[in-house]
Amino acid sequence: MKKAARITITGAAGQISYSLIFRIASGEFLGKDQPIILQLLEITPGINALSGVAIELSDCAFPLVKEIICTDNVDLAFQNSEYAFLVGARPRGPGMERKDLLQANAAIFSEQGKAINNSASKSIKVIVVGNPANTNALIALKNAPDIDPSQFTAMTRLDHNRAQSQVADKTGSPVSSVENIIIWGNHSATQYPDLHHTMIGEKSAFDMINNDWYKNELIPCVQQRGAEIIKARGASSAASAANAAINHMRDWALGTDNWVSMGVLSDGSYGVAKDIIYSFPCRCSNGRWDIIQDLALNDFSKEKMKDSERELLEEKEAIRELLEWIESPSKVSTLSGRGDAKHLENAWFDAVNALLR
Ligand code: NAX
């Protein structure tokens, strides 16, 4: 019998998790022979609802589930964790601008990044689902200096799957025959679904679709798909988001021959600014991802990729003070003339609170 793998899921009483947890528990993530321990995190007001999820999990009698930990303690949730699905996030409230949302989430993902650094396995693999996912992932990784930054990723796989499915429908092809889809950039309306390298069986996608459909229907459809679901369902995408999170983590952990889109820390590939979490085409093997290199880009693609890069740089600017604080907290202590740990911690919370105001 294999040793049980520890899997953390945050926002565990929310709607995405309600689909995600049960599929992970049934073995769809790591396989039917891999026992697991579920470490489920909620905020304190969500703990009661989470206990209901735990009861249902127990009632499923999943053979692979060895233990279920339900907690509002961040360190406990990440204790020795090997895989983390960061789903919980602060939703946009009435009158909240994107900047407010970024800053509110910065506080959450800073705390979780620190807990991962202090408590998790050093080989942990992290996917950030909670929005704004790319910038939340950046904040988490900056708060975890002892963990390799490549172990923090953001989810754009749902966008990738949406594009793949649309192309299959349009061309009447099996979805599995549509390969080499790319989502570049941010998980937002500036993301760029790129079909220029997409193959359908032996054919290039552009032999079967026309440019007009691609530019005027496919791209806006994928960019706006979340809003379309909210309008139809009265709630945001949940089952498809959970499915994409499993696809992303399974391919990363177990490997795949397919191209997959993942938000990862930019190393400057394709001229994208370094040090933002940007979605690139990746290949996964041996538990790591690599950006697929040397793809030709036309002017249309370059322009769309820049638009999304610009938005991510703006998001980064909105949380710049927090990032500067993380990178050189000593400046804060020097300025305030207070150097001990408690004062540093207080200064951190002051900085977060100042930004939240
Ligand atoms: P829900 O509001 O149903 O659930 C979120 C849960 O997170 C709640 O139970 C809440 O109590 C909990 N939570 C909030 N702050 C927390 C914290 N600090 N620690 C632990 N738990 C916390 O939202 P749901 O529909 O599940 O969506 C979750 C997130 O996924 C949202 O931010 C949403 O925008 C994002 N999405 C991201 C997608 C992507 O492709 N990257 C697509 C789907 C989804 O829109």
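**View 1. The ligand sits in the largest pocket.** The model is predicted: local features need pLDDT of at least 70, side-chain atom pairs count only at pLDDT 80 or more, and totals for chains, interfaces and linings use all residues. Residues are numbered from 1 along each chain as its sequence is written, and side-chain values use heavy atoms, with hydrogens and water left out. A pocket is an open set of points on a 1 Å grid over the protein atoms alone, where a 1.4 Å probe fits and protein lies on both sides within 12 Å along at least five of seven lines. A molecule sits in a pocket if more than half of its atoms lie within 2 Å of the pocket's grid points.

View 2. Ala, Val, Leu, Ile, Met, Phe, Trp, Tyr, Cys and Pro count as nonpolar, Asp, Glu, Lys and Arg as charged, and the others, Gly among them, as polar.

View 3. An N or O atom in the side chain of E42 is 2.5 Å from a ligand oxygen. For N131, a polar side-chain atom lies 2.8 Å from an oxygen atom of the ligand. I16 uses a polar backbone atom, 2.9 Å from a ligand oxygen. Taken alone, the ligand exposes 880 Å², and the protein buries 80% of that; these areas come from the Shrake-Rupley method with a 1.4 Å probe.

**View 4. The largest pocket has a volume of about 1400 Å³.** Its lining has 44 residues, of which A89, P91, V129, G130 and N131 are the closest to its centre; lining residues have an atom within 4 Å of a point. Among the helices that each supply at least two lining residues are α6 (157-171), α7 (211-223) and α8 (225-233). Helix α4 gives the most, with 5 residues. The lining divides into 18 nonpolar, 17 polar and 9 charged residues.

**View 5. A cis peptide bond joins N131 and P132.** Omega is about -5° at this bond. P132 is found in the loop between β5 (125-128) and α5 (133-142).

Definitions and conventions:
Polar contact = N/O pair within 3.5 Å; in protein donor to acceptor, adjacent residues only side chain to side chain. Points joined across faces, edges and corners; volume = space filled by probe spheres on them. Helix = DSSP H or I, 4+ residues; strand = E, 2+ residues; numbered from the N terminus.
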